[in-house]
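Please read this report alongside the sequence and the 3D view.

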Amino acid sequence: KYAIGIDIGGTKTAIGIISADGDVIQKSSIPTDPTVTPYVMVDRIAETVLTLVHNSGIAGQDIDGVGIGAPGPLDTRNGQITCPPNLPGWRDFPLIHELKRHLPYSIKLENDATAATLAEKWLGAAKDEQHFVFITISTGIGAGIYMHGKLITGASGNAGDVGHFVIDPAAGVCVCGQRGCWEYVASGTAIARQASELLGHSVTSKEAFELAASGHPATKELIDNVYRYIGIGCVTLINTLDPEKIVIGGGVSQVGEPLFEAVQDYVGKYALNPSGRKTPIVPAALQQDAGLIGAAALVHMSY
Ligand code: ADP
Ligand code: ZN
């Protein structure tokens, strides 16, 4: 059996056919075009799906359904994307309803971090866990919560929006209106902004990490502070949820060992429950096609 995965991102939408073993059989990608309405995007997505299915030679009855991962916030009860900051034209768009008019399959929608969480459970770094949190540190910060063998999605599918934990109220104002949110101080965007302010010229987050690693004192202080912020958020999650493991993915996690060591160290000092102090903080296993595999997991896994 096969699933169709659709990963809607701010710049591109990836579409694929994924086997029950997690193999990407066919895939394609189209721009998420901000100059057209979401209705036109749905036409293009559906057309791409039908072409992929046709090219694959897979029979319709061998396709178990369509999974969609999309940027939040959304309303999964009504199959809608509500007000995604990167897709302004998609406000309150009835995505499932519109796609169903084109595709004869059952369709599931979850936010992209939730889908990625299920993918880590299915094939990634949390295969053996019944309780874990997945955190993605990228343009923003998001999370998915998997507890007691189930995804915790909340009433409308927006559980895990940890990027707006307030970590440092003395910091500046976040898009959500609060001061010092986790993603305002520790996302890739935040690292680039703070390092650029510090150095007086524009640098990327990757360059900031490289400068810190090469021993540049002020940047090293900045990056150590970012590791502390990531640690603070992890301790809050551990104290709240008592997970067996925290899995971290997203662009910033590519920094690797220094980040994981620093966060593990912070957690070891400050998480309160005895298991919390030892909670492993590990990198996500799925990198390539993680969004597509996450979307397919919504079909292949029960949650
Ligand atoms: P998206 O947010 O679109 O899902 P990514 O997960 O790649 O994309 O995250 C992008 C963010 O991660 C950017 O802020 C980028 O600067 C940062 N980033 C990407 N790769 C690295 C890296 N190797 N080291 C540090 N930061 C990185
Ligand atoms: Zn915020």
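The zinc ion (ligand 2) sits in a tetrahedral site, with angles of 102 to 119° among its four donor atoms. Four donors count as tetrahedral if all angles lie between 85 and 135 degrees. The protein donors are H164 (ND1), C174 (SG), C176 (SG) and C181 (SG), lying 2.0 to 2.3 Å from the zinc ion (ligand 2). Donors are N, O and S atoms within 2.8 Å of the metal (3.2 Å for Na, K and Ca); water is not among the atoms, so sites may look incomplete. Along the sequence, the donor residues of this ion follow the spacing H-x9-C-x1-C-x4-C. H164 and C174 both lie in the loop between β10 (150-152) and α4, so the pair ties together parts that are ten residues apart in sequence. Helices (H or I, at least four residues) and strands (E, at least two) are DSSP runs, numbered from the N terminus.

C174 counts as buried, at 7%. Buried means under 20% relative accessible area, exposed over 50%, and partly exposed in between (1.4 Å probe, protein chains only).

The model is predicted: local features need pLDDT of at least 70, side-chain atom pairs count only at pLDDT 80 or more, and totals for chains, interfaces and linings use all residues. Residues are numbered from 1 along each chain as its sequence is written, chains are lettered from A and ligands numbered from 1 in the order in which they are written, and side-chain values use heavy atoms, with hydrogens and water left out.

**Ligand 1**

Ligand 1 is surrounded by S138, T139, G188, T189, S205, K206, F209, G250, G251, V252, Q254 and V255. A residue is counted here if one of its heavy atoms lies within 4 Å of the molecule.

| Side chain | Ligand 1 atom | Distance |
|---|---|---|
| S138 | oxygen | 3.3 Å |
| T139 | oxygen | 2.5 Å |
| S205 | nitrogen | 2.6 Å |

G251 belongs to this surround. G251 is found in the loop between β11 and α8. Its relative accessible area is 48%, so G251 is partly exposed. Leaving out residues up to four places away in sequence, G251 touches I137 and S138. Contact means heavy atoms within 4.5 Å. G251 and Q287 are 36 residues apart in sequence, and their C-alpha atoms are 9.5 Å apart.

**Cores**

The largest nonpolar core has 40 residues. A nonpolar core is a set of buried Ala, Val, Leu, Ile, Met, Phe, Trp, Tyr and Cys residues joined through side-chain atoms within 4.5 Å. I135, W182, I230 and I248 have the most contacts inside the largest core. At least two residues of this core come from each of β8 (132-137), β9 (141-147), α4 (182-186), α5 (188-199), α6 (205-213), α7 (217-241), β11 (245-249) and α8 (257-270). Helix α7 gives the most, with eleven residues.

What does I230 contact beyond its neighbours within four places in sequence? I230 meets I137, W182, A186, I248, L259 and V263.

Beyond four places in sequence, I232 touches I167 and Y266.

**Local features**

D33 lies in the loop between β3 (24-31) and α1 (38-56). D33 counts as buried, at 18% relative accessibility. Its side chain makes a polar contact of 2.6 Å with that of T35, and one of 3.2 Å with that of R44. Residues up to four places away aside, D33 touches M41 and R44.

G72 and P73 are joined by a cis peptide bond, with omega about -5°. P73 is placed in the loop between β4 (63-70) and β5 (74-75).

D92 has a positive phi, near 55°. D92 lies in the loop between β6 (80-81) and α2 (95-100). D242 likewise has a positive phi, near 55°. D242 lies in the loop between α7 and β11.

Note on methods:
Tetrahedral: all angles 85-135°; square planar, octahedral: opposite > 155°, others 65-115°. Polar contact = N/O pair within 3.5 Å; in protein donor to acceptor, adjacent residues only side chain to side chain.
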